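Dear colleague,

Please find below the structure that I promised to pass on to you. My notes on what was found in it follow directly after.

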Amino acid sequence: MNDTAWDRGFPVKYLLVDEDDDGEPELWGRCAGVEGLFADPVPPPREVLTLRGCAPEGPLRAAIDWPGEATGLLGDLCVEIRDDPRPTRRWELADVVVITHHPCQADPALVDVVVGAGVRQDGFSRERLPTSPRFELSVATAGDLETVGHCLRVDGLFAPRAAPEAIPLELVGCEPAERLRAVLRRPRKWEGGWAGLWALDRDGRVMAHHTVGLGIGGARPSTLGGTLIDITLTDGGKDRPPLIARPIWDVWYRGIPATPNQWAPYSAEGRRQWSHLAIHRDMGARRPDRSGGVYHLDGRFATDVPGLHCAMGEALLGPGGYYGWGWSAFTDCLCGGFGVVAPFTLIWHDADVARRAPAEGLPSYFGEVVGHLEEHGVTVVFR
């Protein structure tokens with residue numbers, strides 16, 4: 001769409017977009033700004049649950065072994081009821097703490113694990129349960145899920161919970177197109193609908209996508225004057241970029257990064273947010289895959305998993321490049337479609353930074369990444 005400019009004294013920074021009847025993007029409005037987009041997630045209320053008849057593995061087994069060498073902290077735990085090959089229901093137990101455990105009465109070879117956690121349920125709640133449900137347990141590791149066991153049931157999991165309160169969002173200096181004017185004329189008709197909010201950089205390139213609700217909380221003449229209006233959306237959408245992403249978006253707003261390692265000063269979460277913007281940059285500038293050649297990876301700042309992938313993306317595709325942000329995405333990139341495919345040579349400078357990093361799981365993850373590169377025909381040289 002060529003809808004990223006207008007004749008005003010300030011730039012268009014956001015587009016409100018939805019699909020037309022043919023599935024093509026259709027402009028609903030241009031905006032000078034958005035207020036309330038960046039927000040840290042509100043943690044769900046804490047609850048106590050019991051994993052009944054549990055066969056723990058890996059990190060869950062280590063958490064149960066507390067107070068030995070491990071701790072009772074597990075991080076976020078995914079609980080799925082599966083009807084192979086797909087889940088029928090899924091929950092995320094946030095910030096899980098193992099309170100206690102004891103042998104299962106039904107089967108002493110299994111264990112009952114009492115945990116404290118916040119509970120979030122994904123969108124499978126209307127699916128019918130299998131006849132004999134099996135609860136699969138996994139934790140997020142380097143952007144992927146690692147199985148940590150299964151259990152017979154989870155006491156407290158099916159308790160009713162109020163939906164999280166929607167957080168509004170303000171479209172500032174909005175010039176609505178006809179479809180958005182239709183929403184403003186008959187707002188109740190559009191309640192429950194959704195649209196895409198596209199963030200632009202100063203050159204008009206799409207920098208990121210976000211989904212917002214179309215519930216209208218109010219509309220008024222804009223503080224920016226003229227014929228523009230300010231619109232309050234009652235639901236600014238889920239999974240908003242966290243507050244730490246705001247300065248990173250500011251960097252990318254100025255254009256695709258031109259110097260290496262601009263991601264390096266940020267925390268692991270900031271580096272993840274950097275990768276999210278790099279994904280959009282890559283999707284908007286797809287190029288034919290090339291193979292062969294020698295690439296140099298600057299490993300000085302690969303101190304965590306997100307940093308390793310930022311460094312990998314820059315080594316292969318230059319500043320702001322994307323080549324995966326976790327294990328599954330990295331594997332997808334190696335299979336083609338992201339600009340560089342094997343065979344090629346990767347010279348990894350300062351590899352000991354990742355090999356000996358104190359970050360949890362990074363040394364072993366580093367070894368797995370190197371092994372995966374070599375399995376796909378990449379020659380890895382350490383310097």
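In what follows, a residue is called buried when its relative accessible area is under 20%, exposed when that area is over 50%, and partly exposed in between, with a 1.4 Å probe and protein chains only. Please keep in mind that this is a predicted model, in which local features need pLDDT of at least 70 and side-chain atom pairs count only at pLDDT 80 or more, while totals for chains, interfaces and linings use all residues. Residues are numbered from 1 along each chain as its sequence is written, and side-chain values use heavy atoms, with hydrogens and water left out.

To begin with the chain as a whole, the protein chain contains eight helices and 17 strands, where helices (H or I, at least four residues) and strands (E, at least two) are DSSP runs numbered from the N terminus. The C-alpha trace spans about 75 × 55 × 35 Å along its principal axes, and of the 383 residues in the chain, 45% are buried. Among contacts (heavy atoms within 4.5 Å) with a separation of 6 or more, 66% are between residues 24 or more positions apart. The accessible surface, computed by the Shrake-Rupley method with a 1.4 Å probe, comes to about 19,400 Å², and carbon and sulfur atoms account for 52% of that surface.

Turning to charge, Lys and Arg count as positive and Asp and Glu as negative, with His and the chain ends not counted. On that basis the protein chain carries 39 positive and 53 negative side chains, and the centres of the two sets lie 4 Å apart, the place of each charge being taken as NZ of Lys, CZ of Arg, CG of Asp or CD of Glu.

A search of the whole structure finds 22 salt bridges, each defined as a side-chain nitrogen of Lys or Arg within 4 Å of a carboxyl oxygen of Asp or Glu. One of them joins the side chains of Glu26 and Arg179 at 2.9 Å, N to O. This pair links distant parts of the chain, since Glu26 sits in strand E2 (residues 25–35) and Arg179 in helix H2 (residues 178–185), 153 residues apart. Glu26 is partly exposed at 23% relative accessible area, and Arg179 is likewise partly exposed, at 27%.

Glu175 is partly exposed at 24%, whereas Arg30, at 16% relative accessibility, counts as buried.

A salt bridge of 2.8 Å, N to O, joins Arg153 and Asp155, and both residues belong to a network of salt bridges that also includes Arg52 and Asp112. Arg153 is partly exposed, with a relative accessible area of 44%, and Asp155 is partly exposed as well, at 25%.

Pro358, by contrast, lies in the loop between helix H7 (352–355) and helix H8 (362–375) and counts as exposed because its relative accessibility is 85%. Pro358 and Thr234 are 124 residues apart in sequence and 43 Å apart in space, C-alpha to C-alpha.
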